[in-house]
Each structure stands twice: as C-alpha cells, then as structure tokens.
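Subject: Structure handover and notes

Dear colleague,

Please look through the notes with the structure open beside them.

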Amino acid sequence: MAVLVVGVLLGLATTVVLSAYRSLPLGPGGFTTALLVLGASLVLILVGAAGVGRGIAPGASQEADRAGNEPAQLTGHLDPGLSRWLWLVKWVLVIPHYIILALLWVAFLVVTVAAGFAILFTGRYPASLFQFTVGVLRWNWRVAFYAYGVLGTDRYPPFTLARSDYPAELDVAYPVKLSHWKVLFKSWLFALPQLLIVAALTGSAASSSTAGISLLSLLVCIAAVILLFTGVYRLGIFDLLMGINRWTVRTVSYVALMSDKYPPFRLDQGSLDPPTNPVASPTPA
C-alpha cells in the first residue's frame, strides 16, 4: 500500500507542476524531468496496486453469468438498532475514509486505463489489478452504506480492501475472457444510457454520493429525519436505496471494463443481490 500511496502523491504533485509549467521556470530539461517523474509515478501505482491485489483472495469467476447472476454483487443488511442522532456527525467520522478513498480512486483510474490496454491486446484483465479495483469498489460501498449513501449501519467501516464480516459487502466475479474490441467503446458509448440514468438517480455518473440534489440524496434525507424523530428506519426506503446503489455499482463495474455483460435496466431492491434469472419452480406434471 505504501508504494501505491507514494505513486499517487508523486503523480498528483507532478501533474500540478506540469499544468503550471508555463508560469514556472522549468526549462526544457525540467519539463522532461517532470514527464519522467510522472511516468515513474504511474509505474509505482501499477506495481503497488498489483501488490495490494495479490493480497486479496479472489472471488468466483464470471462463469457464474451462465446461471443468470450479475457479475457485480452488492449486499447490505440494515442495522436494527440504529442511533437516532449519529448520522448528524458521520460526515466528520468518515473523513479519514474519504481521504484514503480519494487516493484510491486516482489509482483506480490509472489501473483501469492500464487494464484497458491489456484487454485490448490479450483479452484478459490482469487478475491482481482486478482484485485491487474490486477492493476499491468494496471500500467505497462500505463507506457509502455507513454514511450518506444509505445510513444503513452504525458499525464503523474497516480500513481494508479485502472481504470482511461487515454488514455491507461487494464483489465482482472475475472475467475469464473479455472482448478485445468492446474495450474501445464500453466506457463512453455503450454505457451512456446507463450513465445518464445513474446521474439522474445519484447526481453523479460514477458514484452513490449525496453531494448534489438527487433522488438518492432526497431518500437518505427523508430516512434520516424519520430516524431522528421515531428511531425507525423505513424498510421501503432502505430497499429502494439498495436498488439505486446496486444499479450504480453494476454500471461502474461495466464502465471500468470489469465485465462485458451489459447491466440490466432494473432496480433490484432489498438487502441481497438476486439473480437476474431465478430458477423457475418445477411445473407439476
């Protein structure tokens, strides 16, 4: 993780220098040096992400798609004993997580671009990098579930990308094979309808935050006010919030080149992630 953090910080600092190179007396040699440092930071990010990913136990492969399951699986279990007031200060409590996630999302972007080139030429997403990107999504979902993406638990999220016994979990099945050519169009063309819907639901095309006015932020606000005055979290609101977050995660995993399976235009509500094609019960003869 240390190598990853150093790479991200070095890359951000170098990017700032390069963006202001016209107003700084860098000279040709200084500009070249900055580019070399930027390249070194990208290498550090990829090496660090691969190292972190190797430490995360792999999940199932996307052979599960044949059973009708979505590659991205998101679960969350509502805490029955939520505090009436704790949500008022959670924005302070999650600041350490937000700082770490800001660095992880920079690395996530770099890893996704690098994985895109790997998929283009080999048809495979490097396994260690894949586990890292899943870990970032997992960490982000836990924080969102605890804070203002759901407010579904008062249990503080763990500082880890690996699986745990936390009430909110996320996993993405590893793709055995990915299309060489779809990687050129998935993130910006094929995913456009999904991104527009997610933006309308969450106020952002790529996250389940409540930074702006959206259906998600409105529902979280309503749930919080009801919780404050009654001590009860309405299950109907919770189920709908889970559906919105589930739609968002499926879209993000597709945009991030983690699957070729197109996300469904559907809100799958509730704590558990249901299969898209549940096995039909046998018909009596």
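Helix α9 is largely enclosed by the rest of the structure, because 16 of its 21 residues are buried. Please keep in mind, here and in what follows, that this is a predicted model. Helix α9 covers residues 235-255, and from its first C-alpha to its last it reaches 30 Å, which is close to the 30 Å expected at 1.5 Å a residue. Just after α9, leucine 257 takes a positive phi of about 70°, and this leucine counts as buried, at 4% relative accessibility.

Leucine 151 lies in the loop between α5 (127-146) and β2 (168-172), and at 2% relative accessibility it counts as buried.

The loop between α5 and β2 also holds proline 167, which is buried, with a relative accessible area of 17%. Which residues does proline 167 contact, leaving aside its neighbours within four places in sequence? They are Thr75, Gly76, His77, Phe145, Thr153 and Arg155. Between the C-alpha atoms of proline 167 and tyrosine 146, which are 21 residues apart along the chain, the separation is 9.3 Å.

As for the chain as a whole, it has nine helices and two strands, and from the N terminus on its elements follow the order α-α-β-α-α-α-β-α-α-α-α. Of the 285 residues in the chain, 44% are buried. Among the contacts in the chain with a separation of 6 or more, 75% are between residues 24 or more positions apart.

One helix pair deserves a description of its own. Two packed helices are described by the angle between their axes and the distance between the axes. For helix α1 (residues 2-19) and helix α4 (residues 95-122), the axes come within 10 Å and cross at roughly 80°. Angles of 65 to 115 degrees count as roughly perpendicular, and α1 and α4 are therefore roughly perpendicular to each other. On the α1 side the contact is made by Leu4, Val5, Val8, Leu9 and Leu12, and on the α4 side by Leu103, Leu104, Val106 and Ala107. Sorted by class, this contact of α1 with α4 has nine nonpolar residues, with no polar and no charged ones.

Two single residues remain to be mentioned. Alanine 40, found in helix α2 (residues 27-54), is partly exposed, with a relative accessible area of 37%. Serine 217, in helix α8 (residues 215-230), is by contrast buried, with a relative accessible area of 15%. A polar atom of the side chain of serine 217 lies 2.8 Å from the backbone nitrogen of serine 214.

With best wishes

Conventions. Residues numbered from 1 in each chain as written. Heavy atoms only, no water. Axes fitted to C-alpha atoms, helices over the stretch in contact; angles between N-to-C directions. Helix = DSSP H or I, 4+ residues; strand = E, 2+ residues; numbered from the N terminus. Parallel < 35°, antiparallel > 145°, perpendicular 65-115°, else oblique. Contact = heavy atoms within 4.5 Å. Nonpolar A, V, L, I, M, F, W, Y, C, P; charged D, E, K, R; others polar. Buried < 20%, exposed > 50% of the residue type's maximum accessible area, 1.4 Å probe, protein only. Polar contact = N/O pair within 3.5 Å; in protein donor to acceptor, adjacent residues only side chain to side chain. Expected span 1.5 Å × (residues − 1).
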